[in-house]
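Subject: Structure handover

Dear colleague,

Here is the structure I said I would pass on. My notes on what was found in it follow below.

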Amino acid sequence: MSQTDDLDDSTAPLIEHLAELRTRLIRSVIAFIIAITVFFIPIQGEFIAVHVLNFLMEPIVDTLRDLGDPSPTLQYTSPQEYLFTLFRISMVFGFALAFPVIGFQMWRFVAPGLYKQEKNAFLPFLVASPVMFLLGASFAQFVVTPLAMAFFLGFADVSSVLAIVFGDANTLPDGAVITPDVAPSDAPTITFFGKVNESLDITLKFIMAFGLCFQLPVLLTLMGKAGLVSAEGLGNVRKYAMVGILVLAAVVTPPDVITQLILFTVVYGLYEVSIWLVRRVENKREAKLRAEGYYDDEDDLGDLPEGDAK
């Protein structure tokens, strides 16, 4: 066989793999586009994306009501801002909606190159990853974001900050709440007119941050299964992990001690759960090796003194 024939034989499988990859990518993109379109289906006179936006804005709206604003108002300041905000929501949640199809296409492309044992090891992590992300996102939406909004909006003891309006209480526009302990005067009244895209940005950042933090057990367990980390090693660096988690809590949360403690407690708890999961993986691996005869109990006694071995 000539060298040219060898090159042709090696090129053919590569072209087949590239064609397969192209097919999987096209199907994933089509699923993503369909999922985006779904959020612009009208329900009860409004797009689904609008209902999702209202759901995401609930923490800030509820906080404004608690701080004395009976009819909270959020605004947009450019003609295209509201449409782009809805499109942003449709992309983020459209990807989440299309992820089962995208994940399945990825799996169908990778699975033929894996052994049966590797398939059994990888598939649970592919399922656990979106589940853990959903738990983290839910925790951010229902626990962390309300606390953050209460801190930010209640910092100056008013229902809002950052827009300055002159005049007395009778001339304030709807949604503006005057500071309770300041009487109308010539001094400016500090009030809040929230922008939709900026408020949404804070909420989505919390969702992404906590969703990724909740991937910690999945990542460390997968690394433990691959032999990259061990339960003993993770336990030995526990004190450094605590410092790292404290720094993370200070970066991704507002300067509110309560919120930071909540994030630290949750992420550190996930770290301890990861150690337990990695130890379980190691025990299963050791039990399998013993069953297959690769582990000899007599080898474990080799380092002991002769008297103890007896």
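Phe264 and Tyr268 sit 4 residues apart in helix α9 (residues 257–291), so about one helical turn separates them. Their rings form a stacked aromatic pair, with 5.9 Å from centre to centre and 10° between the planes. Both Phe264 and Tyr268 are buried. Aromatic pairs here are rings of Phe, Tyr and Trp (its six-membered ring) with centres within 6.5 Å; planes under 30 degrees apart count as stacked, over 60 as edge-to-face and the rest as tilted. Buried stands for under 20% relative accessible area, exposed for over 50%, and partly exposed for what lies in between (1.4 Å probe, protein chains only). Helices (H or I, at least four residues) and strands (E, at least two) are DSSP runs, numbered from the N terminus.

Please note that this is a predicted model, in which local features need pLDDT of at least 70 and side-chain atom pairs count only at pLDDT 80 or more, while totals for chains, interfaces and linings use all residues. Residues are numbered from 1 along each chain as its sequence is written, and side-chain values use heavy atoms, with hydrogens and water left out.

Overall picture

The chain has 11 helices and 6 strands. Of its 310 residues, 32% are buried. Among contacts (heavy atoms within 4.5 Å) with a separation of 6 or more, 74% are between residues 24 or more positions apart. The accessible surface comes to about 19,200 Å², and carbon and sulfur atoms hold 65% of that; accessible areas come from the Shrake-Rupley method with a 1.4 Å probe, and for residues only the protein chains shown count as cover.

The unreviewed UniProt entry gives the feature "transmembrane region" at residues 29–53, 82–104, 125–153, 202–224, 236–252 and 258–278. UniProt positions follow the numbering used here, feature names are shortened, and annotations may be inferred rather than shown by experiment. In the model, residues 202–224 are 91% helix and 0% strand, with the end C-alpha atoms 34 Å apart. Residues 29–53 are 64% helix and 16% strand, and there the end C-alpha atoms are 24 Å apart.

Other aromatic pairs

The whole structure contains 9 aromatic pairs. One of them joins Phe139 and Phe214, and it is tilted because the ring centres are 6.1 Å apart and the planes are at 40°. Phe139 lies in helix α4 (residues 116–154) and Phe214 in the loop between α5 (196–213) and α6 (216–225), so this pair ties together parts that are 75 residues apart in sequence. Phe139 is buried at 18% relative accessible area, and Phe214 is buried at 10%. Elsewhere, ring pairs link Phe32, Phe95 and Phe99 into a cluster.

Salt bridges

There are 6 salt bridges in the structure, each being a side-chain nitrogen of Lys or Arg within 4 Å of a carboxyl oxygen of Asp or Glu.

- Glu20 and Arg24 meet at 2.7 Å, N to O. They are 4 residues apart in helix α1, so about one helical turn lies between them. Glu20 is partly exposed at 29% relative accessible area, whereas Arg24 is buried at 11%.
- Glu81 pairs with Lys195, with the closest N and O atoms 3.7 Å apart. This pair links distant parts of the chain, as Glu81 is in helix α3 and Lys195 in strand β6 (residues 194–195), 114 residues apart. Glu81 is buried at 6% relative accessible area.
- Glu272 and Arg238 meet at 2.6 Å, N to O. Glu272 is in helix α9 and Arg238 in helix α8 (residues 238–252), distant parts of the chain 34 residues apart. Glu272 is partly exposed at 26% relative accessible area, and Arg238 is partly exposed at 26%.
- Arg88, Asp201 and Lys205 are linked in a network of salt bridges.

Surface patch

Leu14, Leu18, Leu21, Leu25, Phe109 and Val110 form a nonpolar patch on the surface, with about 500 Å² of accessible area together. The elements that give two or more residues to the patch are α1 (3–38) and α3 (81–110). Helix α1 supplies the largest share, 4 residues. Patches are made of residues with over 30% relative accessible area and no salt bridge; like charges are joined within 9 Å, and nonpolar side chains (Val, Leu, Ile, Met, Phe, Trp, Tyr) within 5 Å.

Regards
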